[in-house]
Amino acid sequence: MTKNLLNTSLTSTRKLVHVKHVESDEMQEALAHTQRLERDKEWLAEQRLFLQSRLKTQADTLMPRDFLHLFPEVELISLQRRFHDRELDCEAFINALLCTFRHQQLDDRDVIPICETMFNIIDTDGSGGVNWEEFTTYLLNSYNAIQLKNNSDVQPWRSCGAIALPKNLRTCTLHCMGAHQFLAIGTTSSPRTHHLLKLKISPSQVTQHSFLQSALPLNGVAYLPSFAHIAVTTDDRYLTFYDDTAAVHNRWWLPLNLGLLKWHPNRNLLLAASANTGDLFGVTPAATKQSLPDLVFRTVLHKGPVTGIALLGTTLIATCSLDHNAKLFDLQTTQALATLGPAKHRHQQGLLSIAFSQEHNLLATGGYESAPRLWMPIQGVDQFITCLSDYDTPHQHPIRAVQFI
């Protein structure tokens with residue numbers, strides 16, 4: 001009996017020692033993990049401070065031509081309304097630009113001298129005023145000059161033959177129509193006329209069709225392959241569907257102007273965002289001319305205009321907005337599922353683009369902060385992964401588009 005008691009005691013002691021050893025290993029592993037997280041946080045904090053100081057240094061040397069990169073379409077539409085078909089003097093011109101750039105949190109002391117220089121450049125006749133036509137002519141000429149310089153600096157990854165596209169082609173979307181055949185839908189703008197172009201692209205040539213002319217700005221364009229239609233939104237609050245012959249298939253009036261359009265091929269659903277508010281619409285195009293499009297849903301998703309939509313699958317999408325936030329939205333329940341990241345990890349300025357990688361299950365967002373971010377598109381946790389920035393060559397201007405390749 002004494003021997004059995006001794007064996008039982010030794011076994012219990014061994015188990016106790018083993019449990020304490022396991023607990024000690026777990027505590028050490030948890031401590032090491034916490035230390036790694038702290039080091040990562042310190043590194044990210046140092047990186048942010050370094051990037052801020054670099055951007056501040058670059059902001060001190062901004063030139064008027066650099067200001068051109070701050071004019072995405074959503075800001076140009078807002079700025080055009082401030083001209084009201086009249087000339088602006090220097091003070092009114094500066095105030096209009098400052099109001100337009102309210103989402104970018106720029107320092108007025110840096111911006112005002114640049115605006116004054118820009119005003120003097122545009123006011124070539126010395127009248128003391130600048131109208132919308134003079135301003136847009138200056139922008140187009142400057143964009144062309146910058147684009148020519150950029151094209152001369154870029155070397156193609158693979159040479160497939162040079163194809164000349166129209167100048168000032170904007171809001172362009174590209175659709176694959178088969179082997180080596182593509183369809184491009186884009187817009188070009190002049191001070192008084194806005195054109196919608198349809199381009200059939202092959203390895204040897206581009207066939208261009210002037211599909212539509214409009215006196216109003218074309219806020220959004222989307223190609224609907226299931227219907228062979230092109231959807232267009234303009235400042236008259238109409239969503240118009242055109243067929244292949246440029247004939248109007250349907251027109252749908254809404255109580256507010258629409259901006260961004262995104263076609264969801266898996267659901268045959270057109271996603272349309274308001275140009276001025278955070279409203280998001282889901283629309284099913286009409287099959288016949290006698291019927292109207294069906295409004296599947298309308299929801300107020302953001303506090304500012306929606307500037308980007310990414311498709312995450314059949315029922316899930318991700319959106320970004322000028323309200324600094326990116327959100328996950330369920331098309332089945334028409335409910336917002338989550339806002340990406342806690343407040344400390346979110347963007348501090350407006351967003352302009354969002355993209356999804358199905359291969360890696362990652363979201364990327366970019367905007368006025370000049371540093372894109374990576375996210376995990378899931379609920380219930382901190383989705384933030386990292387802020388993509390470069391110590392040596394940080395972006396000097398807003399991130400207008402992000403894309404996985």
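Biologist: How many bridges join strand 9 to strand 10?
Modeller: There are 5 bridges between strand 9 and strand 10 (residues 269–274), and the two run antiparallel. Keep in mind that this is a predicted model.
Biologist: Which residue in strand 10 stands opposite leucine 258?
Modeller: That's serine 274.
Biologist: And what's the strand order in that sheet?
Modeller: The order is 9-10-11-12, in an open sheet of 4 strands with antiparallel pairing. On average, neighbouring strands here are turned by 20 degrees against each other, direction ignored.
Biologist: Switching to helices. How do helix 3 and helix 4 cross?
Modeller: The axes of helix 3 (residues 90–100) and helix 4 (residues 108–122) come within 9 Å, crossing at roughly 125 degrees. The two helices are therefore oblique to each other.
Biologist: Is that crossing left-handed or right-handed?
Modeller: The crossing of helix 3 and helix 4 is right-handed.
Biologist: Which residues meet there?
Modeller: From helix 3 you have Cys90, Phe93, Ile94, Leu97 and Leu98. They meet Asp108, Val111, Ile112, Cys115, Glu116, Met118, Phe119 and Ile122 in helix 4. By type, the contact residues split into 11 nonpolar, 2 charged and no polar.
Biologist: OK, new topic. What about strand 5, buried or exposed?
Modeller: Buried: 7 of the 7 residues of strand 5 (residues 218–224) are, so the rest of the structure largely encloses this strand. Strand 5 is joined to strand 6 (residues 229–234) by 6 bridges, and they run antiparallel. One of the pairs there is leucine 224 with histidine 229 as its bridge partner in strand 6.
Biologist: What's in the turn of that hairpin?
Modeller: There are 4 residues between strand 5 and strand 6, and alanine 228 has a positive phi near 55 degrees. Alanine 228 takes that positive value although it is not a glycine.
Biologist: How accessible is alanine 228?
Modeller: Its relative accessible area is 25%, so alanine 228 counts as partly exposed.
Biologist: Then there's histidine 324. What's its phi, and where does it lie?
Modeller: Phi of histidine 324 is near 80 degrees, which is positive in a residue other than glycine. Histidine 324 lies in the loop between strand 14 (316–321) and strand 15 (326–330). With a relative accessible area of 23%, histidine 324 is partly exposed.

Methods
Residues are numbered from 1 along each chain as its sequence is written. This is a predicted model: local features need pLDDT of at least 70, side-chain atom pairs count only at pLDDT 80 or more; totals for chains, interfaces and linings use all residues. Side-chain values use heavy atoms; hydrogens and water are left out. Two strands pair if DSSP finds at least two bridges between them. Axes are lines fitted to C-alpha atoms, for helices over the stretch in contact, and angles run from 0 to 180 degrees between N-to-C directions. Angles under 35 degrees count as roughly parallel, over 145 as roughly antiparallel, 65 to 115 as roughly perpendicular and the rest as oblique. A crossing is left-handed if the near helix is turned anticlockwise from the far one by less than a right angle, and right-handed if clockwise. Contact means heavy atoms within 4.5 Å. Ala, Val, Leu, Ile, Met, Phe, Trp, Tyr, Cys and Pro count as nonpolar, Asp, Glu, Lys and Arg as charged, and the others, Gly among them, as polar. Buried means under 20% relative accessible area, exposed over 50%, partly exposed in between (1.4 Å probe, protein chains only).
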